[in-house]
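Welcome! Here is a short briefing to read alongside the structure below.

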Amino acid sequence: MKYEGIIFDLDGVICSTDEYHYLAWKMLAEKLGINDFTKKDNERQRGVSRMESLEVVLEKTDRKFTAEEKLALATEKNEYYKKLLSQMSEKDLSDEVKDTLNAIKAAGIKIAIGSSSKNAKFILTRIGLINSFDAISDGENITRTKPDPQVFTMAAEFLGLEPGRCLVVEDAEAGIKAGHDGGFDTAAIGSATKSALATYRLKTFSDLKAIVL
Ligand code: B16
Ligand code: MG
């Protein structure tokens, strides 16, 4: 087996919560009178922390905010985001993702989540995957978000594997850099395929099977 463990990013890889992040930031932007927050701006928010994501929005206004006000804005965005998440169910997990994860597990390969999000366990519960992974490394156990490798090195540690034995699957350029800098091979999907650092590029999630099985 080429890899003993696969570490999956969550938002934009396992499920489409990346779209909800975008919608929630757009709601906040519009409340601040910023009407030109676009998907292109949102690309820079993939994988990075909530507070860094807020700065991407605030670059688009001349208004100045104190640290306390910024915290309140990030909390407000998270409330919009959680409202969108609470409407999710097992129907938001695609058959392609479910079948691919099952095939990887059946081959005896360990699987983990490596997500910057503090909402990761809530999302996994909504889509019925909370008990499906051998380890979960997320925004609750890290001090630095992607592009720092910490979330992935901790996931590998939780699996009891060396980074060189694991593959990281990511939709964010920041996540590919994190995987690369942590000594992992990486499989890029979606916008992360632009990254020159990716080991593999997936057209669709199930392409993983040809790489790892
Ligand atoms: P939260 P991932 C990341 O999740 C998102 O891509 C990123 O846009 C977000 O800012 C970050 O989680 C923190 O999320 O506000 O929910 O704690 O892609 O690493 O699964
Ligand atoms: Mg992601």
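Domain bounds here come from an automatic or database domain assignment. With those bounds, the protein is divided into domain 1 (5–15 + 92–212) and domain 2 (18–85), and contact between them, meaning heavy atoms within 4.5 Å, takes 16 residues from domain 1 and 14 residues from domain 2. This is a predicted model, in which local features need pLDDT of at least 70, side-chain atom pairs count only at pLDDT 80 or more, and totals for chains, interfaces and linings use all residues. Residues are numbered from 1 along each chain as its sequence is written, and side-chain values use heavy atoms, leaving out hydrogens and water.

**Domains and ligand**
- The C-alpha centres of domain 1 and domain 2 are 24 Å apart.
- Ligand 1 lies between the two domains because both give residues to the shell around it.

**The shell**
- Around ligand 1 there are 18 residues (a heavy atom within 4 Å), and Asp 11, Gln 45, Arg 50, Ser 115 and Ser 117 come nearest.
- The shell divides into three nonpolar, nine polar and six charged residues; Asp, Glu, Lys and Arg count as charged, Ala, Val, Leu, Ile, Met, Phe, Trp, Tyr, Cys and Pro as nonpolar, and the others, Gly among them, as polar.

**Polar contacts (pairs of N or O atoms within 3.5 Å)**
- An N or O atom in the side chain of Asp 9 is 2.8 Å from an oxygen atom of ligand 1.
- A polar backbone atom of Gln 45 lies 2.7 Å from an oxygen atom of ligand 1.

Notes
Chains are lettered from A and ligands numbered from 1 in the order in which they are written. A polar contact is a pair of N or O atoms within 3.5 Å; within protein, one must be able to donate a hydrogen and the other to accept it, and residues adjacent in sequence count only if both atoms are side-chain atoms.
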